Amino acid sequence: MSKENNITIRKINSFDDFDLIKEDWIKLKKDYDSGNIYADPDFFSKMFATRATDNSKPHIVLFKKNNNAIAIIIGWINPNYITTCWVGYFKLKSPPLVCYEIENNGIITDGREETQNIVCNYLKSKMQKKEIQLFSFNHLSSQNKIWKKLFDENALNKKLVYRKSVNWKTILINKDTGEKNQIHSKRTMKKLNRKGKKFLSSFDNDVEIKIIKNESEIDKFIKEAELITKNSYQFLIDVGVKNNEYWKKALTNLAEGNYFRAYMLYVKGTPVAYCMGALYEKTLFLFATGFNFQYKNYSPGEYLRYQLIDKLADKGIQAIDYGYGDAIYKQRCGTEFLEEASIRVYGKGNLAFLSSKIDNFLIHTCAEFFEKLRYFDFFYEIKALWKQNLIKKSAGY
């Protein structure tokens, strides 16, 4: 712990010491970032083992002024971080770097200019002392006060390597009135109702959506979800639920904290689509979705999503958070979005310098390429063809 100019900085590198800062952490989050599941101390500790690598250690930094908490940085130190540089959907890897990985939107401040400067100066000092070769800000929201400091003011005096995206949500319940929002126009609702009736009739009304939230149900859910993943493009790019120790541990930890929620769509007893995530402060955060490609003509994924939108509000759930990305289904289902960015800031040293140049070149080259595809209206067509090709390979067609 260090103290200077009435500013106390306490660093926590072990879960055994969480109680030293937990009260201040909870208060900061409640006052300035209440809806962020990733910044919750309970969620962070339960999910740490599945979000960080084996050799990583938690690194939480609490800033206090005159004994009042003013900011916190939530993340972990990874001594052998491999930078992933994307070339479209392929990836190249850098030499290992000492990285401070900051949790999704994991910087909370009281919003004051002075506090933001204190946080940024702390981060700069870690680079100047060569303690950190790379800062990785995961999915920083444009609403975060640090956003302006990084993008508009270059507070770290370093070139940012970043990928911008959006985070879509569907707001199911009006917070002011408590009434259900009308998500779609009457015309769209009629269309969805027709498609829903057609879906049911295609399977003689033998259609069921099961809610899964208990630890005892996880093994069955994982096995069924993997069957769906294997018949989708997700299997070959290593996303989607799989029957392995990582997913078992992650979902078990979610269930132990009463966060876990999954919805499995069955037709005639066969699982064909799922949505899986975490329920937190009346918002369902979706982490993984999938549908069986063999049923693509029936659009089971779309049916499941719109059923959730229609029914979850009756369960008291106020919003669905679709996570990061601008997939077409998120745009169609979502009612609002926020810009976000994953940012990498490289420090001193030859390895960091080399990695930053490669990373920056590839990200900007890909961004320009995809922008041209969008300009000529080819982007979504090519993306659809790419997905279909992966699906066929995954299913062995």
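In this predicted model, the second largest pocket is lined by 27 residues. Leu192, Asn193, Gly196, Tyr306 and Gln307 are the ones that lie nearest its centre. Two elements, α5 (186-202) and α8 (300-311), each give two or more residues to that lining. The top contributor is α5, which puts in 10 residues.

Over in strand β8 (residues 161-171) sits Asn167. With a relative accessibility of 13%, Asn167 counts as buried, because the cut-off for that label is under 20%. The Asn167 side chain makes a polar contact with the side chain of Asp321, at 3.0 Å. Leaving aside residues up to four places away in sequence, Asn167 touches Asp321, Tyr322, Gly323 and Tyr324, and also Glu336, Phe337, Leu338 and Glu340.

Then there are the cysteines. A search of the whole structure turns up 0 disulfides. Take Cys333: the closest cysteine sulfur, in Cys275, is 9.1 Å from the Cys333 sulfur, so the pair is too far apart for a bond; a disulfide would need the two sulfur atoms within 2.5 Å. Cys333 also counts as buried, at 1% relative accessibility. Cys99 is buried as well, with a relative accessible area of 0%.

Terms used:
Residues numbered from 1 in each chain as written. Predicted model: local features only at pLDDT ≥ 70, side-chain atom pairs only at ≥ 80, totals over all residues. Heavy atoms only, no water. Buried < 20%, exposed > 50% of the residue type's maximum accessible area, 1.4 Å probe, protein only. 1 Å grid on protein atoms, 1.4 Å probe; cavity = no way out; pocket = protein on both sides within 12 Å on 5 of 7 lines; lining within 4 Å. Helix = DSSP H or I, 4+ residues; strand = E, 2+ residues; numbered from the N terminus. Polar contact = N/O pair within 3.5 Å; in protein donor to acceptor, adjacent residues only side chain to side chain. Contact = heavy atoms within 4.5 Å.
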